Amino acid sequence: MVVKLGVWTLSSAILCVGLFTAVQKALAADCPGHPDAIGTERTIVVDPREHPRIGTMQYPETLPLRDHEVVLTFDDGPLPRNSNQVLQILADNCVKATFFIIGEQARANPEGVRKLIAAGHTVGTHSQRHPLTFHKMSEAQARQEIEQGIESTKAAVTDPSAIAPFFRIPGLLRAPPVEAYLESQGIQTWSTDFLADDWHRISSAKVYDLAMKRMETAGKGILLLHDIQARTVGALPKILHDMQARGFKIVHVVPARSDLPATPTEPEEWQSYPPSENVPIARWPKLPNFIYAESDALAAPAASNFDLAEGGVSLALDPAARRRGGVSKEALWPKLAALPAVASIADALPVPAATVFDRPEKARAAIQPFPLQMHHYAEGELPVSAAIKTASAGPRGRHGRDMRHAARQVRHVEHAAPAGAKRHAVHRSGGTKRAVHVASLKKR
């Protein structure tokens, strides 16, 4: 049994490798001259009216991709200098992508739009002027930007129906009026699942690192790039090469038409986080659907059934009285005794006298602000020239009286002594000492 199982496993492994090699050869055969090209794994057809908004960065739905499937999208083109190089890289790898065109770029470079259509890529629109104010626009302003962008892009090609009803809001600055208008026109709003930040001033190596890291984290989804950036041109070949090395596959997306129905999918395939059979999910219990065989099985009670007199209520509440066939007086609800009347509120709750709230004048605490200049001098050494700024006329208490007495002594000495001897007279009279500035003490 073990040997058979081992042989079966080995045979299965060989078969899987053979199928994978056959698929790779088939993809390489579709890309002549480039046997190592990643190619395009498959094409899915989507109906914008069934799924009007996609991209997990902003919406609950995204494209119905399998594990390790990626859709490449490019914004802001065409710009011949870089867009033509991106177009060549995709051709060398037989990759089909989706481009969101700016109307003004299409007017300036109509040949670039025609090249995209001729190469089999999907072409959507990205507004007329790429304003980063869609989240502030009214519906009328947004409608003008959207419609002008579509008209400019369609004017660049011979077949206007070749332009897909796909739209990406510039800067992903979504707004409900914009989304509502796009949905009313049957246009699908594309966000994205992960970015490579290639619109920032970073190197091509950084663009590659961000793209691969976020791709590995997401596992699948829509990648947003910009074909007008030189850094994207430098990073794209390595991105495609390593995508193939890590088992990623490219998926092309086209809109449904009357002759091209949408790819059959299940609703959960479009969900950002579809329910898993292995992970239990708590849900609200569903109420059962009751089906009544006969409508008169449960007769509705008449209104008179609830119109009970006082005796009937007592009878219903007193089983003994109900058995006796009558209602006793004791079975009735007892009546509440009358509450004693209060003659006056003042008798029940005496009002406190006004004197209770009186406070003696001396009991009021004297709160005086500290003199503004006192923090510059030691206590008791305030110079005469320094003014004491307080809320009252002067300081109170014993300390205040000492200060006023010292000031009077200083003024008396100054008037009695000559001008040159005033300073010495102050010291002889036992007045205030020389002021010592705190800052000078610190320096010493």
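1. Starting with Arg-257: this residue is partly exposed at a relative accessible area of 47%, where buried is under 20% relative accessible area, exposed is over 50%, and partly exposed lies in between (1.4 Å probe, protein chains only). Its partner is Asp-259, and the two form a salt bridge with the closest N and O atoms 3.1 Å apart. The cut-off there is a side-chain nitrogen of Lys or Arg within 4 Å of a carboxyl oxygen of Asp or Glu. Asp-259 has 57% relative accessibility, so Asp-259 counts as exposed.

2. Ground rules before going on. This is a predicted model, so local features need pLDDT of at least 70 and side-chain atom pairs count only at pLDDT 80 or more, while totals for chains, interfaces and linings use all residues. Residues are numbered from 1 along each chain as its sequence is written, and side-chain values use heavy atoms, with hydrogens and water left out.

3. Back to the charges: how many salt bridges does the structure hold? The count is nine. One of them pairs the side chains of Glu-183 and Arg-53, 3.1 Å from N to O. That pair links distant parts of the chain, 130 residues apart, with Glu-183 in helix H6 (residues 176-184) and Arg-53 in strand E2 (residues 53-54). For the labels, helices (H or I, at least four residues) and strands (E, at least two) are DSSP runs, numbered from the N terminus. Glu-183 is partly exposed at 37% relative accessibility, and Arg-53 is partly exposed too, at 25%.

4. Glu-216 comes out at 35% relative accessibility, which means partly exposed. Arg-246 is partly exposed as well, with a relative accessible area of 37%.

5. Now the inside. The largest nonpolar core has 36 residues, and those with the most contacts inside it are Leu-72, Phe-74, Leu-90, Met-215, Leu-240 and Met-243. Strand E3 (69-75), helix H2 (80-92), strand E4 (98-101), helix H4 (110-118), H7, strand E9 (221-226) and H8 each supply at least two residues of this core. H8 gives the largest share, six residues. A nonpolar core here is a set of buried Ala, Val, Leu, Ile, Met, Phe, Trp, Tyr and Cys residues joined through side-chain atoms within 4.5 Å. As background, nonpolar side chains tend to be buried together in soluble globular proteins.

6. Which residues does Leu-90 touch? Not counting residues up to four places away in sequence, Leu-90 touches Leu-72, Phe-74, Val-95, Ala-97, Phe-99, His-121, Leu-236 and Leu-240, contact being heavy atoms within 4.5 Å. There is also a second, separate core of 14 residues, including Val-46, Leu-65, Val-71 and Phe-100.

7. On to the cysteines. The count is one disulfide, taken as a pair of cysteine sulfur atoms within 2.5 Å. It joins Cys-31 to Cys-94, with 2.0 Å from S to S. The link of Cys-31 and Cys-94 is right-handed, with 95 degrees about the S-S bond. The two are 63 residues apart in distant parts of the chain: Cys-31 in the loop between helix H1 (2-29) and strand E1 (42-46), Cys-94 in the loop between H2 and E4. Cys-31 is buried at 1% relative accessibility, and Cys-94 is buried with a relative accessible area of 15%.

8. Is Thr-192 buried or exposed? Thr-192 is buried, at a relative accessible area of 0%. You'll find it in the loop between strand E7 (188-190) and strand E8 (194-195). Its side chain reaches the backbone oxygen of Phe-194 at 3.1 Å. Leaving aside neighbours within four places in sequence, Thr-192 is in contact with residues including Gly-55, Arg-168, Leu-172 and Leu-223.

9. Last, a glycine. Gly-120 is in the loop between H4 and strand E5 (122-125) and is partly exposed, with a relative accessible area of 32%. Neighbours within four places in sequence aside, Gly-120 is in contact with Lys-96 and His-252. Gly-120 and Ala-91 are 29 residues apart in sequence, with 10.0 Å between their C-alpha atoms.

Notes: Polar contact = N/O pair within 3.5 Å; in protein donor to acceptor, adjacent residues only side chain to side chain.
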